[in-house]
Amino acid sequence: MGDYKFARDKLADVLTSLKEYQVFAPAAVGDVLRFKEVTDPANVSLDYDNTTVPPKELMFPQTETLFKYRLGSTEVEPSVPDASKKRMVFGIRPCDAHAYSIVDNLYGWDFADPYYQKRREGTTLVGLACAEPCANCFCPSVGGGPASEKGLDALMFDLGDAYYVNSLTDKGEEFAKAAGLEAAGDADAKAAAKQGEDALKKVARSIDTAGIPEKLPSLYDHPFWEQFSDRCLGCGICTFLCPTCHCFDIQDEAEAFDARRARMWDTCMFSEYSLHTSGHNPRPTRKERTRNRISHKYSYFPEKFDVIACVGCGRCINHCPVNIDILDILDKSKQAEAKEAKTA
Amino acid sequence: MVDEKKLQEKARETLIRDDVRRLIGWKRGTYGFEAAPAVVTDASQAEQLIFDATCVANPASFIAIEEKKPVPRGAEPDTRKVAVMVKGCDSRAVVQQLVEKAYAREDVVVLGIPCLGVVDRRKAEKLFGQTGAQVSAKVDKEKVALDIGGDVKTVDRSNILMDKCLRCRYPNPLVSDFLLGEEVEKWADDDFADVDEFEKMSPEDKWKHWDEQFSKCIRCYSCRNVCPMCYCVECVVSKLRPQWTRRSTDISENTVYHVQRAWHLAGRCIECMECQRVCPVDIPIMTLNRKMTRDVKEMFEYEPGVDVEAEPMLACYNPQDPEEYIM
């Protein structure tokens, strides 16, 4: 659609002009970055690699009230978000926007999840292309890229003195108008395209995913999983920080007579995730849980929705305390001989 | 320094033994400033094992969290030993686990490694940025030399080692069956200056500090799971009946979790700093642990994880306790 730009020192002005939106942008607490609602545009900086916690929390918060009720009463008060309230995620990386488009499949499948969908509908995604991919990024291997437009309404490029903005949808156009952006020239568009091409060459890690979704089920009982699961701590880092992991638990909480039903992120890496009421656990050890995490992303999800549930953001690699590296696992899965598999 | 060839030879010798089923040590990670913990079961895997200043993880964490499948009817449980490589700090975890009877002394083979300190990934990444290279590191009494993909960088110890190393009092393993390398001389002492510094804050500022820190928590429980002293089969925070801590994340529940975690380590924390190292959102968990360590030391004259013969602090009574805190 349209080509726009704004001067680097006008960032705060652009954000200030977006009054009709509730704007979220990366914010730091110490060394840790997370998307927060912008309260002071002067403090927003887009000089960042990526947030530690992915912006998935803006569409499905870690803890979210589904409805409220009073103990002893049969009436419930739903807490579905209002889609008419305009929100904007400003400066989201292409991988994280790509992740929303993958998770949309799940939340719009057999039951259209109003909590997720209302938030998605009401939100404009203004992306920021990556000029310097991080050490463990591999987005091009899974259908993305440092300047991928997937799922975005507009994409910004940091050209030094100015940000070049490419609007991609009607929502993106609306943002450009609301922010009063000036038109960009051919030179800016060329500089942005060149930055995108250069960034793509800088992505150091990769995996050829061809054949992986079909092969993983044949490795179900294969001992190679143990090379990784033997040192797995069984914590929630890889899944909670994954922009496409979307599992939740539902619990009721009461304070005297005031109660709510809420859902909160859950993870298949916790043993209680698959624990049955009987005490039986079909995934009794970290081997089965590690296998499930990888197979879900690279086999079960693509089988159902025809897309790999991984965007190559590298968070699970960066933050795993014991170096369980998803690219290493996928690589070993390709080498593993299916016929070696134990028939347990 | 430890001779890697000798370390691998000893590992091979240990894995060949009929009474050993697995060995926990370190291997080079796929990238970056931290080696990966390695669990190996076959002598042919011994050549993966390494030891250098990137070997920060505590292998003792993996002894008690191993999940075993139910033994089939009629079959005998595998009672062979687990071998574990430990630095000085790691060895305190083994000592404390033995004190608590998490397992018996004859269940483990301890391969001790005298250590001159290990690299803090956060400090290294501040200095050199994140790297995709498989970094190796040599440490001596003054400097740390990092090989970052062929590019050798030399840094003063104080700028790159883990804080625990800068105040380390136990560089040599306190329990071991074999020592891999010569014992080293202790270079530091611990005056709890960090705790003094924190205590200077007003109560209001402390609340503000912890509110901000605990608000970040995503309850991934990596601090609990990596802790060598957190080996309960069912953790109190995972219990549903009764549910002592809600699963929802907010400042109240997060605080309950962190205070609970800290108190359950009173007189047990051996300060390996793994909880703080693994935290994805940089919560300074050790600040709580360190305060407790000093309180335990002053109030009970007790130091966990240094004496295999000791009684657990909360299971013993000493009429000579200072008792200054009792009104």
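**Exercise 1.** Work out how strand β4 (residues 63–70) of chain A is joined to strand β12 (residues 258–265) of chain A.

*Solution.* The two strands run antiparallel, with seven bridges between them; strands count as paired if DSSP finds at least two bridges between them. Strands here are DSSP runs of E, at least two residues long, and helices are runs of H or I of at least four, both numbered from the N terminus. Along this pairing, A:Lys68 lies opposite A:Arg260 in β12(A).

Before moving on, a note: this is a predicted model, where local features need pLDDT of at least 70, side-chain atom pairs count only at pLDDT 80 or more, and totals for chains, interfaces and linings use all residues. Residues are numbered from 1 along each chain as its sequence is written, while chains are lettered from A and ligands numbered from 1 in the order in which they are written.

**Exercise 2.** Find what links β11(A) and β12(A).

*Solution.* Start with the pairing: strand β11 (residues 248–255) of chain A meets β12(A) in the antiparallel sense over eight bridges. Next, A:Ala254 sits opposite A:Ala259. Finally, the two strands form a hairpin with two residues between them, and A:Ala256 in the turn has a positive phi of about 55°.

**Exercise 3.** Check the length of helix α12 (residues 286–300) of chain B.

*Solution.* The expected span is 1.5 Å times one less than the number of residues, so the 15 residues should span 21 Å. The end C-alpha atoms are 20 Å apart, which agrees. Just after the helix, B:Glu301 takes a positive phi of about 45°.
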